[in-house]
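Here's a quick walk through a structure, for anyone who wants the layout before opening a viewer. Take a look first, then read on.

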Amino acid sequence: MAEAENTFRIPIGPIHPALKEPIRLSFQVEGERIVGVEIRTGFAHRGIEYMGMRRNLIQVLYLAERICGICSISHPIALTQAVEQAAGIEVPPRAQYIRVIISELERIHSHLLWAGVAAHELGFDTLLHLTWKVREKVLDILEELTGNRINYAIPIYGGVRRDIAPDQHPKVQDTIRYYRGLLDELLDTFLRDPSVEARTRGVGVLEPEEADALCAVGPTARASGLAKDVRQDRPYLAYGELGVKAITPRDWGLEPRGDVYDKIVVRLLEVGQSLDLIERALLEMPDGEITSFPKIPALLAHLKKAHGEGLGWHEAPRGEVIHYVRLEAGVEEPVVWKVKAPTYSNLMSWEPMFEGQEIADIPIIAASIDPCICCMDRVHMVRDGSEATMHKEELLRLSREKTRRITDHGSRITGLGGVR
Amino acid sequence: MKVDQVLNVLKAALGEGLAHTEVRVRRVGAKAPVELKEIWAEIDRDAIVPAVAALKALGPLHMSVISGQDAGERIELLYHIAVGYGTEGGEVMVTLRLAVPKDDARVPSICHLIPGAETTEREKIEFLGVEFVGIPDSRHVFLPDDLPVHPWRKDEPEMERFLRRMVEWEGKDG
């Protein structure tokens, strides 16, 4: 091939505009076209699993909560389920519902955060500010229920640490009403805006066969039309009773194309799905205990005697989180602790998504899987990788220029399809 | 997808290669708990490829992750694979456990069957020092390429000291 003459290499990162987190993407380009990409991760590796295997399980819970700031309940939920299976601990019904409510609230705040980032990458900062402004409301209710905007410290082995009091119910219902009223407006602003459509339709396409072969998870897989959602496929907690169906662009009346537009569709519709789930869970939540081990020393003693292994999973906002734990009797720390975050599974899907696209589309495609590098890396060591030649400002400028170019010529926007 | 169906397919495909199977039951749900069954199977090292091929023929396959452990003389790998996504409660979690001796830590790669398994296989190369025969790309994922040790191996005292130095800032690992 003649690629030796015409192909150039553009390394981006380890500091990258779309990610706000370190990763290095090395692109091969011919003119404006991307013909290949090489991904190097590990810049945020902190050795969390290694640390966890040297601490007692209560300390591990704190570590799990801090794997990621955005999905700070997803990892503890997967971990507690793994340990509960390994140690044979039952979770009271009310605690299961509380876990569901907090995780769905987390999904809302995570998807809104992503929508804002996506708008920013496209150059619609007004939309970014609107989305992040309305996101505050869900953070407020999380603070009301758990005491924190992030790192909620809710799940513990055998239950949850805080109950939802009767006087808090109206506040949660208020929040649900607030977002219900707002969701149509958000859907309208994102999905019926010709500029958003022009920048995202046909961009960063992941074919369903590729999504399946590469084991993509979460909205990344669902936007390609795969009905893949852990809450539906392998029910856990109260999700089986609440009845969750995987959301694909078909729920919006569109045939899935697997592009960035479809990823927006899926995430926004999931905000609505989470609202329904929270409302039902709040209504149907049974009374009773919130933990089967009210006293921590008793819990620690039980865990120290436990011998076995377990798997725990959860559909985090970005997709499947899975934890494997092995406990040995007489040992306080887990003998094995393996954490798998959603971005870990979606990493390989980036390659087909980038291929054939333009340099100016890099930020939005990179952002489209909603990557969470700290989740995936779980680790450290920044030494190599000082070859960032394309600065983030430059890339962001390119992306925004493209939007401007498109919007300045209104005639090019119509007829791209998508919204009916 | 039913657990028995998956078990039968595994038995038919592996024969002697399937050393042991166990169906674990998980009670799921709050008000009216249902039983969710999982398969935990022990297989021979060479049975991993036919096992995955058999599961793949059965329905949509999702490779969750491979976890592993330094178990003294051997390295143990656990393949967590879910088969049959797309229907409510229709996915079966299968865990395939295999062990390789440390002086011959080689496993056939399953990337030609599930391309998405590459990341997790590469991770096991750097963390446990296992070799995956036939993997398209064996570079490190998370650790620097020149890191001299495999962090999850317990048989190198030098590594323990090396890693301790790295987490020294925490001040509590003494």
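What follows is a short tour by topic, from chain layout down to single residues.

Keep in mind that this is a predicted model. Chain A is assigned two domains, domain 1 (3-45 + 345-412) and domain 2 (48-344), while chain B has four helices and seven strands. The two chains touch, with 42 residues of chain A in contact with 36 residues of chain B.

**The domains of chain A**

- The C-alpha centres of domain 1 and domain 2 of chain A sit 26 Å apart.
- Where the two meet, 30 residues of domain 1 of chain A contact 38 residues of domain 2 of chain A.
- On the domain 1 side, the elements giving two or more residues are helices H15 (342-346), H16 (350-354), H17 (362-368), H18 (373-377) and H19 (392-408) of chain A.

**Chain B on its own**

- Reading along the sequence, you get α-β-β-α-β-β-β-β-α-β-α for chain B.
- The C-alpha trace of chain B spans about 50 × 40 × 25 Å along its principal axes.
- Of the 174 residues in chain B, 39% are buried.
- Take the contacts in chain B between residues at least 6 apart in sequence: 55% of them join residues at least 24 apart.

**The largest nonpolar core**

- The largest nonpolar core counts 166 residues, and Ile48(B) and Val94(B) touch the most other members.
- The top contributor to this core is helix H5 (residues 93-122) of chain A, with 15 residues.
- Both domains of chain A take part in this core, each with at least three residues.
- As for Val94(B), its contacts beyond four places in sequence are Val6(B), Ile39(B), Ala41(B), Leu55(B), Ile81(B) and Val83(B).

**The E1-E2-E3 sheet of chain A**

- This one is an open sheet of three strands, ordered E1-E2-E3 in chain A, with antiparallel pairing.
- Strands E1 (7-12) and E3 (33-40) of chain A each have a single partner strand, so each edge strand has one side without a neighbour in the sheet.
- On average, neighbouring strands of this sheet are turned by 20 degrees against each other, direction ignored.
- Strand E2 (residues 24-30) of chain A pairs with E3(A) over seven bridges in the antiparallel sense.
- For a landmark in that pairing, look for Ser26(A), whose bridge partner in E3(A) is Glu38(A).

- Strand E6 (residues 308-316) of chain A runs antiparallel to E7(A), and nine bridges join them.
- A hairpin of two residues links E6(A) to E7(A).
- Within this pairing, Glu315(A) has Glu320(A) in E7(A) as its bridge partner.
- E7(A) also pairs with E8(A), antiparallel over five bridges, and here Val325(A) has Trp337(A) in E8(A) as its bridge partner.
- How many of the nine residues of E7(A) are buried? The count is nine of nine, so to speak a mostly covered strand.

- Helix H3 (residues 57-65) of chain A has Leu57(A), Val60(A), Leu61(A), Leu63(A), Ala64(A) and Glu65(A) as its buried residues.
- Those buried residues of H3(A) pack against H2, helix H4 (74-87), strand E4 (155-156), helix H14 (296-305) and E8 of chain A.
- Asp259(A) is placed in the loop between H12 and helix H13 (260-284) of chain A.
- Why does Asp259(A) count as buried? Because Asp259(A) has 23 C-beta neighbours inside 10 Å, and the cut-off for buried is 20 or more.
- Leaving out residues up to four places away in sequence, Asp259(A) touches Thr200(A), Arg201(A), Gly202(A), Val203(A), Gly204(A) and Val205(A).
- From Asp259(A) to Val60(A) it's 199 residues in sequence and 38 Å in space, C-alpha to C-alpha.

Conventions:
Residues are numbered from 1 along each chain as its sequence is written. Chains are lettered from A and ligands numbered from 1 in the order in which they are written. This is a predicted model: local features need pLDDT of at least 70, side-chain atom pairs count only at pLDDT 80 or more; totals for chains, interfaces and linings use all residues. A nonpolar core is a set of buried Ala, Val, Leu, Ile, Met, Phe, Trp, Tyr and Cys residues joined through C-beta atoms within 7 Å. A residue is buried if 20 or more other C-beta atoms lie within 10 Å of its own, exposed if 12 or fewer, and partly exposed in between; C-beta atoms are placed from the backbone. Domain bounds come from an automatic or database domain assignment. Two residues are in contact if their C-beta atoms, placed from the backbone, lie within 7 Å. Two strands pair if DSSP finds at least two bridges between them. Axes are lines fitted to C-alpha atoms, for helices over the stretch in contact, and angles run from 0 to 180 degrees between N-to-C directions.
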